[in-house]
Amino acid sequence: MEGQWWADFVSAVLRAATPLVFCALGVLVCERAGILNIGVEGSMLAGALAAVLAAVSSGNPWMGVVAALGVGVAAGLVLALLTVYLPADQVATGIAFNLVCLGVTSFVYKLLVLGGVQLMAPALRAAHGPGGRVSPVALAAAVTPLTWIALLFVLLTWMFLFRTGPGLLWRSVGESARAAHAAGLNVFRVRSVALVAGSLLSALGGAALTLGWVPTFTDNMTMGRGFIALAAVYFGRWHPGLALLACLLFGAGEALAFRAQALGAGFNPYYYLMLPYVLTLVAVAAMGRAVGPRDAGKPYARG
Amino acid sequence: MRWSLALKKATVNKMLRAGWSSSATLAVASVVLSLAALCLCSYFAGASPLKVMLSLFEGALQGRYALTTTLSEWVAMTLSGLAVLIPYRAGFFNVGGQGQLEVGAVAAAAVTLSLTAPRPLVILLALLAAVAAGVLAVSVPLVLRLRRGASEVTTTIMMNFACIQFMYAMVTGPLKDPKSWYGTTPPVPAAYQLPSFPPGSGVPAGMWVAALIALAAWWLMNSTVFGLYLRAVGGNRTAAVAAGIPVDRVLTGSVLMGAALAGLAGGLELLGYTFRVAEGWSKSWGMVGIPIALLGGNPLGVLAVGLLFAILETGSRSMQALTGVPAALIYLFQGLPVIIYLGLRASAWYSRWTQAAR
């Protein structure tokens, strides 16, 4: 009984954390190139809708993943045009972009389900349900493939940013765009690539939310998860591995909140849901100035 | 003397011309373009764009109930817009309006539900509590910005969600209506609700408060030393320090003012419009305040854009009922004009145009 509870709980944490991990990586690669990617929430929502629609129409969940990738690239290109090439204010653009995505996704979904019947997408299934014990093998089979892809991406992102030459250049754009430009880097191109990669990852997060968890779409179904991912990046000090831990922690908070009544603690679950944000604020307070990429959020104009 | 006056007048004229020709024109153009996009979308949804536009505006303006709703929405939209605009001038991007509004409403609800006193006193105390809660909610991001140099954008976003979860915890916990099956406070006692003004007219009293505050903000930002300081601090911090302007004090003042208005918006909406704080009780007024502030550009512009947004928000329901176009399309309208506006303003074409105007 006890073992069963833990196995359920751990797989629930992984399920809740997977979309967060994708989105956190999406925020992180952008921040490292000096872009404050507030539009993560919008990209995630767009990815969630695209994944559901493509998976339903093709009958294959992996087509949903592909569609989410496509939408992510498109979102990244739009954001890059606006915040890198023009460049417009990143925060204001991101917030407006989120509103537009909220409007467009709800609009499109309502038009497509005129009868009011929820579309149920074929979900990515785990090999089998969580077994009675917590063991790596049992867990590996109890989560969807997207969880493993997310973990792989964490590793790849870390290796790219911290163990390769291009990764170093990438980070230099985030630290000081001016110096990077003086050293001969094309700041615009690096930042555009970062936004496309970041939005792609965020859209994958949306796909993980729908195909790996709730296989349908509802208005504003991301409910601020993109911003939890943002919090995870700050809490994880802009490091992929630590951000992953933060996502797991926040995922655990969410999983606990759902189980709070079963725990019989008589404790209001909303306090658990408050935790990610409060912890992040505490972390920001403790960190001080010089931790994040210094040029994050600053538009770069030639000359 | 005459000469200097003439010079001043010429300068003022030039500034007025530049002010109008640039940002206001752009804002109007982006709103018009967005309305066109709205028409296009409704065409794709199989409805006549003309009918959609008519149903939007009639649904918001025709009949007493619709008008009262629109004006009540306007209160929140205007105050939320100002809550962003004033700190933005000083270089502080207050994304936390939503959270400040939510805790403002919670505080006001707590006062009206726990206090028994003459009506004006309770209303006054409730609104003061709302203001205080808004200020409290912004104090964390403000201190982190001043003491730790942390970007206020992310910290105010974190505070938003923390405040919303706190509101949920309150309406399902200590402030929960025992008679209700879902998370909500009891309704504000009829004796403590905000009346309409003039009495019986259906015009919410909050509207007059919001309009007066907008006018006061216009005066503050354009005709006082504080307004000048605001622009100096937001424009070039180093220069402002060199000029001996108390930079941190000006920043703090503007941020607290903004948050106070967001909290007040929560209190006014509770006492005059929704009467309950509950799960999903509010629209995303605080968030929409950001587009409103950016498009409005100054307090009077905020009033105007706020009215337009309030009309569309109220009208969207009748649009959905009459034409079948989903009401969620309105969110598109809340974001798109800002994107067009920011895009146009940052474009090379625009900088050439303003150079030519000079």
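This is a predicted model: local features need pLDDT of at least 70, side-chain atom pairs count only at pLDDT 80 or more; totals for chains, interfaces and linings use all residues.
**Exercises on a two-chain model**

Residues are numbered from 1 along each chain as written, chains are lettered from A and ligands numbered from 1 in written order, and side-chain values use heavy atoms, without hydrogens and water.

**Exercise 1.** Check the length of helix H10 of chain B.

*Solution.* 
1. Helices are DSSP runs of H or I, at least four residues, numbered from the N terminus.
2. H10(B) covers residues 247–274, which is 28 residues.
3. The expected span is 1.5 Å times one less than the number of residues, so H10(B) should span 40 Å.
4. Its end C-alpha atoms are 39 Å apart, which agrees.
5. Next comes Phe275(B), with a positive phi near 65 degrees.

**Exercise 2.** Describe the interface of chain B and chain A.

*Solution.* 
1. Count residues in contact (heavy atoms within 4.5 Å): 47 from chain B and 41 from chain A.
2. Take the buried area (accessible area, 1.4 Å probe, lost on being put together, summed over both parts): about 3,600 Å², 81% of it on carbon and sulfur atoms.
3. Look for salt bridges (side-chain nitrogen of Lys or Arg within 4 Å of a carboxyl oxygen of Asp or Glu): the count is zero.
4. Find the elements on chain B's side: helices H5 (119–148), H6 (152–172), H11 (285–296) and H13 (329–346) each give two or more residues.
5. H6(B) gives the most, with 14 residues.

Notes:
Buried area is the accessible area (1.4 Å probe) that two parts lose on being put together, summed over both.
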